[in-house]
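Dear colleague,

I am handing over the structure below, followed by some notes on what turned up when I went through it. Please read them with the coordinates open beside you.

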Amino acid sequence: MGNDPANDDGDAKAPRDAVEVAPPREAVTVPSPRDAGQVMPPRQVAAVAPPRRRVLGVLVGAGSAAYAGALAWPATRFLTPAEAPRAEAAFVRVVRLDALEEAVPVRVRVRGDRRDAFTVTRELTLGSVWLRRTGNDVTALSAECPHLGCAVAVTEDRKAFGCPCHTSRFSLAGAAESGPSPRAMDPLLARVVDGWVEVAFVRYRHGSQHREVRG
Amino acid sequence: MSLGDFLDERTGYRKLTRELLDEPVHGGARWAYVWGSALTLSFVVQAVTGLLLMTAYQPSATTAWSSVMYISHELRAGWLIRGLHHYGAQAMVVLLGAHLGQTALYGAYKKPRELNWLLGLALMGLTLALALTGYLLPWDQKGYWATRVATNIAGSLPLAGAAIQRALLGGADYGHLTLTRFYALHVGLLPALLVLLLAGHVALFKRHGVTAREGAVAARTEPFYPRQLGRDLAVGLVVLAALFALTLRHHGAPLDAPADPASDYPARPEWYFLALFELLKFVPGDIEWMAAVGIPLALGGYLIALPFLDREPSRRLRPRLLLLAPLALAFVAAAALTSSSLLADAGDSGYQAARVHSDARAARAVELARRGVPPEGPLAMLAADPETRGPELFAQRCASCHRLGTLGPSADKLTAPTLDGFGTERFVLALLDDPDAPELFGKTPFKGMMVSFTRPPADPALAADFVPMPLEDRTAIAKFLAAEARGTPRPGSRGEILIKQHCTSCHRFDHNPPLDESSLGPELRGWGSLAWTTAHLANPGSGASYPQGAMAKDLEGHMPAFEEELSPAELSLLASWTLNEAARVAP
């Protein structure tokens, strides 16, 4: 509150703060009709001496700041969620190995339990991955384009992966070949257990060169 | 040119600030004038915390409770935000009372301030409406049942009652649309009206100024800043500190179990409506609305009329005492009714027990929900929880005859075996020793059907040949049956051999003898296991546990079949809980 009201009052012959000389309680008595609602001219008395006024001003400022801070602090915490503890991605069964043809990319859905805030949904489709079989091994690539997260598909000539949004192109091994994608397609851990292909499904942040797990 | 000058030249904010700060306070700064500002500051707390809660709250019958649980228990500082909002609402009611009381005592409603008095009353109505609508939003037992009562009162109004109730509920029943309607009122319409009327209230207040206390009138006048503003702020800070203290003390706001329309719940409104609640106990149902709606309306009408009844320009208190008396009377009556309601509940053991039950259910619901709520909502979550549903089903279906732990009839009213320890070795040993003991078959139609293996029969002819079974053999049988009950059978053990030698003349074992035989003894293979018990609950005479004859109608007091009343999931849940509980409370 940096404004000093004494400075701009047109009629302030005597600055208001200086009027107060008597002890504040018995301050100047202004003869007045029993208040019947007239607006009082505001410049009759000031009850507070300047030094005291300054101290009170500081107190009022500090009090206001404390009030605002007491609300702002919990608000900030509330609106900035804690980072979720990063759980080790579990392997999920996706398809039988027999169902995959040698070297042909196949897109499969990953099903699992999903937690969204307080709701836990069982056996939901979480996303999809591209699988490619080489003998008894399988490689898995995330079907999310590392650029901005669109779903990557196999191109018409079936010789590469392509993103339908911003035309990034990747080799069948996932290497970035052209387009805006900042990195190669994201490989996922895959293994074969009892004739079933299992994939550890994780999501990575989009748009950066580095591969960083999305928490 | 500083930034301040730049802005001032374009907005004139300095003049505005000065006008606000230099607002004349007639008669000098007083603590008595703080209530309006304190209320406004509290409303700011409600607006800020309310907006924050809106970022996480989801108004639907399947998600509201879970999202409030999530705010209170999972989101950072969520308990704090919700606690401040919860206690802030109550603080506003208290401050309203103080503001109204001060205004009435000082005669500040008199000419020319009548309209501002009316605006203040409208603001009070809005605040109470906000409290009432906010109470439902967690969709917990407390809010649900209180709202049911409140909307049923609205529904009992003559003429438009039913239509009003339907409009409030968004249909014939309580559900998604009730929540969204109350939500729209609570976060949209009511706060918007409140801000609008508050602006008018403050503008009129600025026009007429503060009403000095009679006697001190205009003796001295000082600007609002700094002393009055300082006092207003100090009280605001004290109120905020109290909100923090209450929130810390209770670690946030209470959250009852999820709203369950099928439950028995001891509904109570928030404390500031307790007087009305208590009043309804004394009013016959058909004229209930006269008390529940008529009395508040009459009181409101009197408050509205007050400045027009009291036209004496003097604001001295004495001549006005008669006019203020009805308000004082209403206040005293409300206080008396409130304490009477609190005392009644404190002395009502039934209410206390229901409260304890509800609190336990609430705690369990939160415990389960923190692990995740199914998409069907928290009621489905509780219904699938043996610890919650088990005792409820047992109390409803089993406890009128069977005793288990603290559930069931007193010893003299038992008509079926006590199940404490059912399925354990000790239980079997007790059966072999004295099957007709009062806590076993002694008070059932099966009394006298099973023989003791330690005591000679009453018939002297039979008693002569009686040889007690050695403890070793009884223990082997008990061990075998207890293992069957636990689901870890020991086929081929000595106990099994002994059973085949000594028990199968009456009992069935591996479905032998066939069902048409006259024997009434239960199947001993798998006795007390989950499958055996579930089948027994479904239909005790199906042969899976007891043969049909054992449950014949002429055996009075036989156990009923529950397969038509309970779903397979409920049967298995009840069996599983009963067996676990029986093992837990085993003597």
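**Strand pairing in chain A**

A:Arg169 has A:Ser178, in strand E8 of chain A, as its bridge partner. Please keep in mind throughout that this is a predicted model. The bridge belongs with the pairing of strand E7 of chain A, which covers residues 169–171, and E8(A), and these two strands run in the antiparallel sense over 2 bridges. They are part of an open sheet of 4 strands in chain A, ordered E5-E6-E7-E8 and paired in antiparallel fashion. At the edges of that sheet stand strand E5 (153–154) and strand E8 (176–178) of chain A, each of which pairs on one side only.

**Chain A as a whole**

Of the 215 residues in chain A, 36% count as buried. Where contacts in chain A link residues at least 6 apart in sequence, 49% of them join residues at least 24 apart. The accessible surface of this chain comes to about 12800 Å², and carbon and sulfur atoms account for 54% of that area.

**Chain B as a whole**

Chain B contains 22 helices and 2 strands. Its radius of gyration is 35 Å, whereas a compact globule of 587 residues would have a value near 25 Å, and the C-alpha trace of chain B spans about 115 × 60 × 40 Å along its principal axes. Of the 587 residues of chain B, 48% count as buried, and among its contacts between residues at least 6 apart in sequence, 66% join residues at least 24 apart. The accessible surface of chain B is about 27900 Å², with 65% of it belonging to carbon and sulfur atoms. As to charge, chain B carries 51 positive and 54 negative side chains, and the centres of these two sets lie 14 Å apart.

B:Leu96 lies in helix H5 of chain B, which covers residues 78–105. Its relative accessible area is 10%, and because buried means under 20%, B:Leu96 falls in that class. Once the neighbours within four places in sequence are set aside, B:Leu96 is in contact with B:Leu39, B:Met124 and B:Thr127. The C-alpha atoms of B:Leu96 and B:Ala253, which are 157 residues apart along the chain, are separated by 21 Å.

**Backbone details to inspect in chain B**

A cis peptide bond joins B:Lys111 and B:Pro112, with omega at about 5°, and B:Pro112 sits in the loop between H5 and helix H6 (114–136) of chain B. Another cis peptide bond joins B:Tyr225 and B:Pro226, again with omega at about 5°; here the proline is placed in helix H10 of chain B, residues 224–249.

Is B:Pro226 buried or exposed? With a relative accessible area of 1%, B:Pro226 is buried. The C-alpha atoms of B:Pro226 and B:Ala29 are separated by 9.2 Å, although the two residues are 197 residues apart along the chain.

B:Leu159 counts as exposed because its relative accessibility, 90%, is over the 50% cut-off.

How values were computed:
Residues are numbered from 1 along each chain as its sequence is written. Chains are lettered from A and ligands numbered from 1 in the order in which they are written. This is a predicted model: local features need pLDDT of at least 70, side-chain atom pairs count only at pLDDT 80 or more; totals for chains, interfaces and linings use all residues. Side-chain values use heavy atoms; hydrogens and water are left out. The radius of gyration is taken over C-alpha atoms; the globule rule is 2.2 Å times the number of residues to the power 0.38. Buried means under 20% relative accessible area, exposed over 50%, partly exposed in between (1.4 Å probe, protein chains only). Contact means heavy atoms within 4.5 Å. Accessible areas come from the Shrake-Rupley method with a 1.4 Å probe; for residues, only the protein chains shown count as cover. Lys and Arg count as positive and Asp and Glu as negative; His and the chain ends are not counted. The place of a charge is taken as NZ of Lys, CZ of Arg, CG of Asp or CD of Glu. Two strands pair if DSSP finds at least two bridges between them.
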